[in-house]
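Please walk me through how to read the features of this structure, one at a time.

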Amino acid sequence: MSDTTQSSANTQRQTAYVADEPYDVPSRRQPTAWVGVVLFGGIMLLMAGGFQIIQGLVALFRDDYCLVSPNGLVINIDYTAWGWTHLLIGLVAVCTGIGVMLGQTWARVVGIVIAVISALANIAFLSAYPVWSTIIIAMDVLVIYALAVHGREIQSA
């Protein structure tokens, strides 16, 4: 059945639907533009994890590379321990970033937790790598925002 009919003057007019015809309702919500923000958060989590891995490897293999003021770090600990801490956080962040981009709910929760832990660890490591740690903290804040506010959007995409 056609929605329009032709009249003799070649003009189209709309025909009325019968009330008994079913209305087609989509079974799920359509994704919005915020899906891009969640994907951005997942990619930033991958990047922050990669930066954490690099920072951890540098702290493990080149102890003399870190220049710290006479006051030392916020938490006075060996650079080898800091290296393993950053390496572990980075590996978990990379795995979680992949999970976020696949739309996993557990990855959103773990991503927020790992971003908070990463930001706190980099605040403690701020005097050793001031610029690098500040960049990672800023990336962590963006990840927390993307996953906490718009994380549900990726599941419907």
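Q: Where is I53 found?

A: Helices (H or I, at least four residues) and strands (E, at least two) are DSSP runs, numbered from the N terminus. I53 is found in helix α1. Before going on, note that this is a predicted model, in which local features need pLDDT of at least 70, side-chain atom pairs count only at pLDDT 80 or more, and totals for chains, interfaces and linings use all residues. Residues are numbered from 1 along each chain as its sequence is written, and side-chain values use heavy atoms, with hydrogens and water left out.

Q: Is I53 buried or exposed?

A: Buried means under 20% relative accessible area, exposed over 50%, and partly exposed in between (1.4 Å probe, protein chains only). I53 has a relative accessible area of 18%, so I53 is buried.

Q: Which residues does I53 touch?

A: Contact means heavy atoms within 4.5 Å. Leaving out residues up to four places away in sequence, I53 touches H86, L87, G90, L91 and V94. V94 is 41 residues from I53 along the chain, and their C-alpha atoms are separated by 9.3 Å.

Q: How many helices and strands are in the protein chain, and how do the elements run from the N terminus on?

A: The protein chain has 4 helices and 2 strands. The order from the N terminus on is β-β-α-α-α-α.

Q: At what angle do α1 and α2 pack?

A: Axes are lines fitted to C-alpha atoms, for helices over the stretch in contact, and angles run from 0 to 180 degrees between N-to-C directions. Angles under 35 degrees count as roughly parallel, over 145 as roughly antiparallel, 65 to 115 as roughly perpendicular and the rest as oblique. Helix α1 (residues 35–61) packs on helix α2 (residues 79–101) at about 160 degrees, the axes being 7 Å apart. The two are therefore roughly antiparallel to each other.

Q: By class, which residues make up the contact of α1 with α2?

A: Ala, Val, Leu, Ile, Met, Phe, Trp, Tyr, Cys and Pro count as nonpolar, Asp, Glu, Lys and Arg as charged, and the others, Gly among them, as polar. The contact of α1 with α2 has 19 nonpolar, 12 polar and no charged residues.

Q: How do the axes of α1 and α4 cross?

A: The axes of α1 and α4 come within 8 Å, at roughly 150 degrees. That makes α1 roughly antiparallel to α4. Residues in the contact include M44, L45 and A48 of α1 and W132, I136 and V143 of α4. Their classes are 16 nonpolar, 5 polar and 1 charged for the whole contact.

Q: At what angle do α3 and α4 pack?

A: For α3 and α4 the angle is about 155 degrees, with the axes 9 Å apart. These helices are therefore roughly antiparallel to each other. Among the residues in contact are G111 and A115 of α3 and I136 and L147 of α4.

Q: Which residues have the most contacts inside the largest nonpolar core?

A: A nonpolar core is a set of buried Ala, Val, Leu, Ile, Met, Phe, Trp, Tyr and Cys residues joined through side-chain atoms within 4.5 Å. The largest has 20 residues, and those with the most contacts inside it are L45, W82, V100, I114, F125, V143 and L147. Two or more residues come from each of α1, α2, α3 (105–124) and α4 (130–150).

Q: Which residues does L45 touch?

A: With residues up to four places away in sequence not counted, L45 touches A93, T96, G97, V100, G111, I114 and V143.
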